[in-house]
Amino acid sequence: MLQIHDLSFVPFITSTEIEEAIAKVAQQINKDYTHKTPLFLGVLNGAYAFTAALTKKITGNCEVEFTKLKSYAGTTSTGNIQNLIGVGNLKGKDVIVVEDIVDTGNTISEIVKILEAEEVASYRIATLCYKPEAYKKSYKIDYIGLEIPNKFIVGYGLDYDGLGRNLPEIYQLK
Ligand SMILES: O=P(O)(O)OC[C@H]1O[C@H](OP(=O)(O)OP(=O)(O)O)[C@H](O)[C@@H]1O
Ligand code: HPA
């Protein structure tokens with residue numbers, strides 16, 4: 001069991017399962033982007049670990065950039081997305097957004113607006129974890145590592161109040 005602040009978490013996804021999920025996503029992207037140079041846009045903070053692991057498995061040329069958005073306080077989405085680090089010039093790029101988790105979809109919805117305003121050539125969304133029961137938007141999530149139930153998780157980049165990002169495996173709220 002794992003205690004962070006006031007909450008208890010139990011082991012949920014092992015580091016081996018995470019590595020396997022990332023390898024599968026990388027394989028799909030390598031197949032889909034053989035004739036393109038994708039720009040991976042990691043969404044900080046949570047996606048730093050997934051972005052690093054995923055891009056190491058990309059076999060062709062690619063670019064890597066980050067943006068920073070924040071909307072969670074504790075275990076709930078405030079619905080108010082703060083854009084803390086903007087994107088650079090993405091015009092004409094084939095962007096793959098890299099998320100640690102797609103939950104309500106509020107963050108993705110904000111990113112899609114930004115990408116459309118930037119006039120990117122194309123965009124797709126890759127996420128390590130996806131909660132289908134919580135998702136309330138209709139954007140297609142193109143690459144999904146792990147589909148999980150609607151319960152709060154920490155580890156592998158995901159935090160509870162700033163803690164837990166360093167864990168190599170994923171824990172679920174007890
Ligand atoms: O689909 P949603 O309900 O929008 O949730 C997903 C977002 O929530 C988390 O970010 P958070 O705002 O906690 O910032 P962080 O990445 O710095 O932890 C996570 O990294 C995603 O970006
Ligand atoms: O389950 C979660 N855990 C951590 N951060 C999150 N951001 C959205 N959902 C989650």
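Let me begin with the record: an unreviewed UniProt entry annotates residues 17–160 as "domain: Phosphoribosyltransferase". The model is predicted, with local features requiring pLDDT of at least 70 and side-chain atom pairs counting only at pLDDT 80 or more, while totals for chains, interfaces and linings use all residues. Residues are numbered from 1 along each chain as its sequence is written, chains are lettered from A and ligands numbered from 1 in the order in which they are written, and side-chain values use heavy atoms, with hydrogens and water left out.

Helices (H or I, at least four residues) and strands (E, at least two) are DSSP runs, numbered from the N terminus.

I turn to one of the sheets. Four strands form an open sheet in the order E1-E2-E10-E9, and their pairing is antiparallel. Its edges are E1 (2–4) and E9 (153–154), each of which pairs on one side only. Two strands count as paired if DSSP finds at least two bridges between them. In general, strands of a sheet pair through backbone hydrogen bonds, either parallel or antiparallel.

E1 is joined to E2, residues 7–13, by three bridges in the antiparallel sense. Within that pairing, Leu-2 has Phe-9 as its bridge partner, and Gln-3 stands opposite Ser-8. The hairpin of E1 and E2 has two residues between the strands, and there His-5 takes a positive phi near 50°, although His-5 is not a glycine. On to the next pair: E2 and E10, residues 170–173, run antiparallel and are joined by four bridges. Here Val-10 faces Gln-172 of E10.

A further backbone feature deserves mention. The peptide bond from Leu-44 to Asn-45 is cis, with omega near 0°. Asn-45 belongs to the loop between E3 and helix H2 (48–56).

Now to the pockets. On a 1 Å grid over the protein atoms alone, a pocket is an open set of points where a 1.4 Å probe fits, with protein on both sides within 12 Å along at least five of seven lines; lining residues have an atom within 4 Å of a point. The largest pocket has a volume of about 520 Å³, a volume being the space filled by probe spheres set on the points. Of its 32 lining residues, Ser-71, Tyr-72, Asp-100, Ile-101 and Asp-159 are the closest to the centre. The elements giving two or more residues to this lining are E3 (38–44), E4 (63–73), E5 (76–85), E6 (94–102) and helix H3 (106–117). E4 provides the largest share, six residues. By class, the lining holds 13 nonpolar, ten polar and nine charged residues.

Which residues come nearest to ligand 1? Of the 18 residues around ligand 1, they are Ser-71, Glu-99, Asp-100, Thr-104 and Thr-107; a residue is counted as near if one of its heavy atoms lies within 4 Å. Several polar contacts, pairs of N or O atoms within 3.5 Å, can be listed. Oxygen atoms of ligand 1 lie 2.6 Å from a backbone N or O atom of Ser-71, 2.7 Å from a side-chain N or O atom of Glu-99, and 2.4 Å from a polar side-chain atom of Thr-104.

Finally, ligand 2. The residues around it include Tyr-72, Ile-101, Phe-152, Leu-158 and Asp-159. A nitrogen atom of ligand 2 is 2.7 Å from a side-chain N or O atom of Asp-103, and a polar side-chain atom of Lys-131 lies 2.8 Å from an oxygen atom of ligand 2. A polar backbone atom of Ile-153 is 2.6 Å from a nitrogen atom of ligand 2.

Notes. Nonpolar A, V, L, I, M, F, W, Y, C, P; charged D, E, K, R; others polar. UniProt positions renumbered as here; feature names shortened; annotations may be inferred. Polar contact = N/O pair within 3.5 Å; in protein donor to acceptor, adjacent residues only side chain to side chain.
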